[in-house]
Amino acid sequence: MCLVLAVGSFAFAGGSSEGATSGGGAVTVNMALPNNPISQALAKIAAEKYKVEGVTVNVAVLPENDLRQRLTTEASTGGTTYDIFVFGPYEAQTWAKNGWLSNMEPYFKGLSADKLAWYDRPDQIQGMVQSLAINGQSYAMPFYGESSFIMYNKALFAAKGLTMPEHPTWDQIYDLAKKVNDPANGIVGMTMRGAPGWGMSGAPFVTMVNAFGGRFYDMQWKATVDTPEQRAAWQMYKNILRDAGQKDILSYTYNECIALMKSGKCGIYYDATSIAPPLEAADSAIRGKVGYAFAPHEKLETNTAWLWNWAMGLNPKSSDAKKKAAFDFILWSTSKDYIKMSLELDPSGASTPPGSRSSTYTLPAYSSVPYAALTLKTLQSMDFTHPTLQPVPYVGLQYIAIPEFADAGTKMTQFLADYVVDKISLNDAIKQTNDLFNQVAKDGGYQK
Amino acid sequence: MKRTSHDWAFVLPAIVVVAVMTQVPFVLTIVYSALRWNLARPDMPIIFSGLSNYIYFLRIPNFPELPEFYTTLIQTIVITLASLTVCTVVGFLFSVLLDNKIPGVNIARTLMLGPFFVMSTASGVIWKTTIFNTTFGWYGVIMKALGFAPVDLLSYYPIPVIVALFSWQWIPFFVLVMLAGLQGIPMDLVDSMKIDGTNWVQSTFFVKLPMIGNHMRVAIMLGLIFIIKEFGLILVTTAGGPGTRSYTLPYEVYMEVFNASNVGRAAALATMTVLLTLVVVNILYRSIQKRSSAY
């Protein structure tokens, strides 16, 4: 009851808060980031190197699912706990239209020519910038971007005499995973995210659906989950994890997958390109032994990876002073200087925000890392406006860019989890998901 | 002693605070439950929708197939009843064990109460990552050392795991309450049992257990209130999964408001949860005997 009351009350509260300023104009800026090595590096570097008189920046790091829920509630109820929102293109489009983000263009117009030149907006990867803009007006700046690809343990592959194709199909991946899988010696063939959540197991799974030629809605917003293409994707996801995957399937977020892969006990890992740096870090048992391949395809032969970025936007309910300070911090943390600072902290690139700027890939320290070339090629080739083989009324590669997808996508991954561990049959899982998506389309006014 | 108007003046501040803290949220939640209100869709205005949120959960469109609400309700009842049973039985046995004057009993009591003071979410994370993990956790390592293949308990047996963790957390509370009851039993009664030649089983289960009946009912009633609303431990261990296999009503309220952003439906579910809890607590409360036992 208190949860509901709290959320409901926040909706009637709001308005900008002047409370965090103290005497002398000191400003405190609060933000929360998703828990991963790149965010942890920002927290560390900001504490050491971001020194602006009168400004204190508090950086909290939260699990991704929790961050999304918390920030969505905050943005939708006009809360002022955080002055900088960190989110992705899924949220950006909706939040900007709802007035939950401040337009950043007026802030850019207020910058001096020198500062604008220093920030170098043209250097930012334009696909990422556009995913955070409406009608050319930016509502957030990309902190780091990612797509997805295959990472594999070259040593395990060599031991079994296997070769990874540069453009594998999902059938080939499954076959290779089974060949590498060696439970007697504690070797897992392939790891993927299994923990439910639209942004967790949903990410690799939806790209798998796209690769198999599936889609979630036709152009009339009629749910198209019960199709042979979708069924094939559901079966492939389950087969990989049950026949060659980690034992604790449903407990694995990307953090557990990274730990398993880094330990050297896993053959293949399909996940975000931003996960490659930790695998090449000094503490990784497979440093220098990781191979990379494009995201797998099937019927859909290209555009089968995902496109995501974690971006920073301004809370419109924060005070003007806080927004100004927050904007300055956003510029600092998404600048070329920050990229260099992160490389000084960790020359392996594990802490460097990828996929936000083209110049990152020309830096000597970064361009020599083994995953850089494939990451850039993948990022530049993805088109989130045309995600599927057949036409669809939505955009988004690993999600559907409608507000209801956060709940519907999470429920879908819960049905998927049930199916993977044999609690329900494929028919039941597909039917429940199809009914759910149809209900969502009707309730949301999409289906006429 | 005759009450005066001044007596009410002393009690009034506490009444106001309790009323504001408890009744205002309750009334507001009932109001929200009658609204169509989706935070993620500000383009759809907040409107009065009557009982439609309740009907959304309670309707059975494809009888005899039960919708998710009923499955979650059954799971809530199973988890709560199982946890209460384990806590009561094991709690009683531990309290009998600790009701002895032996060296080190105070240290034993302190250690026994330890789990109660660990935050449920923290303990959930520790159980999941350092104990139940089949690759790196104690369970996985021990099972492999014994030659067995560890099973992903959280995925395949989510409800027994949750019951075990709830019990681990709440047994100390039951021990506290029942130990207080046992220690309230007069020593002359204990001496007379020895003189009469009663054995341990007779004295424990036929004399002491009935005498602490009220203590047990109080522990069960309070345990019911705390366990039925527990969700943090579920969030960090099974996250309600696999699928919705370990959803409880409070967990579903949380998902409805923080995942689906649907305040109206979450409020309806929360209201039904409170009503259900109130009915059961009322039954238990009536069964607690107010008169003291005649020794």
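What we have here is a predicted model, in which local features need pLDDT of at least 70 and side-chain atom pairs count only at pLDDT 80 or more, while totals for chains, interfaces and linings use all residues. Residues are numbered from 1 along each chain as its sequence is written, and chains are lettered from A and ligands numbered from 1 in the order in which they are written.

Which residues of α5(B) are buried? They are S120(B), G124(B), W127(B) and K128(B), and because they cover an arc of only 90° around the axis, they sit on the same side of α5(B); the arc is that of the directions from the helix axis to the C-beta atoms. On the other side, A122(B) and T130(B) are exposed. Buried here means that 20 or more other C-beta atoms lie within 10 Å of the residue's own, exposed means 12 or fewer, and partly exposed is in between, with C-beta atoms placed from the backbone. The cover over the buried residues includes α7 (153–156), α8 (158–183) and α12 (232–237) of chain B.

Now to the backbone. Most residues other than glycine have a negative phi, and most peptide bonds are trans. In chain B, however, a cis peptide bond, with omega about 0°, joins G241(B) and P242(B), and P242(B) is found in the loop between α12 and α13 (249–258). S261(B), in the loop between α13 and α14 (263–287) of chain B, has a positive phi of about 55° although it is not a glycine, and S261(B) counts as buried, with 24 C-beta neighbours inside 10 Å. In chain A, N135(A) has a phi near 50°, and N135(A) is exposed, with 5 other C-beta atoms within 10 Å.

Finally, the two chains: 36 residues of chain B are in contact with 33 residues of chain A, contact meaning that C-beta atoms, placed from the backbone, lie within 7 Å. On the chain B side, α1 (5–33), α7, α13 and α14 each supply at least two residues.

Note on methods: Helices (H or I, at least four residues) and strands (E, at least two) are DSSP runs, numbered from the N terminus.
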